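User: I would like to go through a structure with you. Could you show it to me and then take my questions?

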Amino acid sequence: MLIRLSAGAPADAFITACGFDRIYGSKALTAMRAYGWEDPRAEFYVLMESGAPAAALYLAGAVLTLSAAPEAGAGELAAFIRARGVREVDTHWALCEALQTLLGGVTERSYYMVYRGGAVEEAFPDISTGDVEKVFDVLQRSHEYYRTHLTFETWSADLRQKLDRGLMELYQLTVDGEVVGTGCIVSEDDECGVIAAVAVVPEYRHRGLGSRISRFLVRRIQEKGKTPRLISGYDAVAELYRKIGFEPCGRWGELYL
């Protein structure tokens with residue numbers, strides 16, 4: 001049974017379900033803390049199966065984030081996705097495959113990763129708090145996904161909602177007076193901080209700058225006493241993260257409908 005979260009709904013069950021997947025779960029939890037139950041820009045649900053929480057759902061526009069138990073059923077989730085006109089689903093790979101079987105669509109997959117390296121102690125004088133407009137320019141220049149999936153108004157509104165509440169951190173890397181790279185701690189829970197949107201403009205790639213940004217973010221999360229985690233995005237990128245101390249800890253999936 002799917003239950004939409006409201007002031008009287010079982011928030012404890014939602015929070016429990018966020019623990020099934022530390023990356024998507026922390027994203028859902030951070031969004032809940034940023035928006036609350038009543039903001040129309042975000043919806044939160046918990047899937048209950050046999051009286052226990054099986055998945056936490058965070059719906060923003062046409063994008064659904066699912067923190068789901070390994071055994072969570074796909075049937076009721078697929079019906080919800082159809083009814084709500086969801087166009088993108090982010091979840092673990094087994095559930096992504098099950099949903100594709102029911103809904104069709106195209107999938108991508110790669111690794112969840114967790115940091116197993118040592119403490120990062122180097123200094124980063126070239127990395128500072130990010131300017132929202134400059135960071136957006138770096139993202140747009142760095143990858144087709146950001147050009148096709150992001151608009152400044154929607155992206156910056158969500159960003160500021162979380163930044164203003166101290167729920168995420170945004171940084172930029174400057175070389176020769178130009179902002180050429182970025183990265184963020186996109187979400188957190190009590191155990192981990194999640195690194196995302198590490199990007200370097202094409203003209204400055206192959207200089208180790210993406211690795212530098214990632215190490216800085218690892219240090220920031222370590223300073224909070226938490227474990228750095230991330231999604232590699234592509235298998236080839238996972239190999240780059242291995243070099244700085246990350247290890248795969250599962251497979252994630254993205255379903256486009």
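Salt bridges and a helix pair

Analyst: E239 and R242 are both in helix 9 (residues 235-242), 3 residues apart, which is about one turn of the helix. Helices (H or I, at least four residues) and strands (E, at least two) are DSSP runs, numbered from the N terminus. This is a predicted model, in which local features need pLDDT of at least 70, side-chain atom pairs count only at pLDDT 80 or more, and totals for chains, interfaces and linings use all residues. Residues are numbered from 1 along each chain as its sequence is written, and side-chain values use heavy atoms, with hydrogens and water left out.

User: What do the side chains of E239 and R242 form?

Analyst: They meet in a salt bridge, at 2.9 Å from N to O. The term stands for a side-chain nitrogen of Lys or Arg within 4 Å of a carboxyl oxygen of Asp or Glu.

User: How many salt bridges are there by this rule?

Analyst: The count comes to 21. R22 and D189 form one of them, with their closest N and O atoms 2.8 Å apart. R22 lies in helix 2 and D189 in the loop between strand 9 (178-188) and strand 10 (192-200), so this pair ties together parts that are 167 residues apart in sequence.

User: Is D189 buried or exposed?

Analyst: D189 is buried, with a relative accessible area of 5%, whereas R22 is partly exposed at 28%. Buried means under 20% relative accessible area, exposed over 50%, and partly exposed in between (1.4 Å probe, protein chains only).

User: A change of topic: at what angle do helix 2 and helix 7 cross?

Analyst: The axes of helix 2 (residues 22-35) and helix 7 (residues 152-163) cross at roughly 80° and come within 9 Å. Axes are lines fitted to C-alpha atoms, for helices over the stretch in contact, and angles run from 0 to 180 degrees between N-to-C directions. The two helices are therefore roughly perpendicular to each other; that label covers angles of 65 to 115 degrees, while under 35 counts as roughly parallel, over 145 as roughly antiparallel and the rest as oblique.

User: And which residues meet there?

Analyst: T30, A31, A34 and Y35 of helix 2 meet D158, Q161 and K162 of helix 7, where contact means heavy atoms within 4.5 Å.
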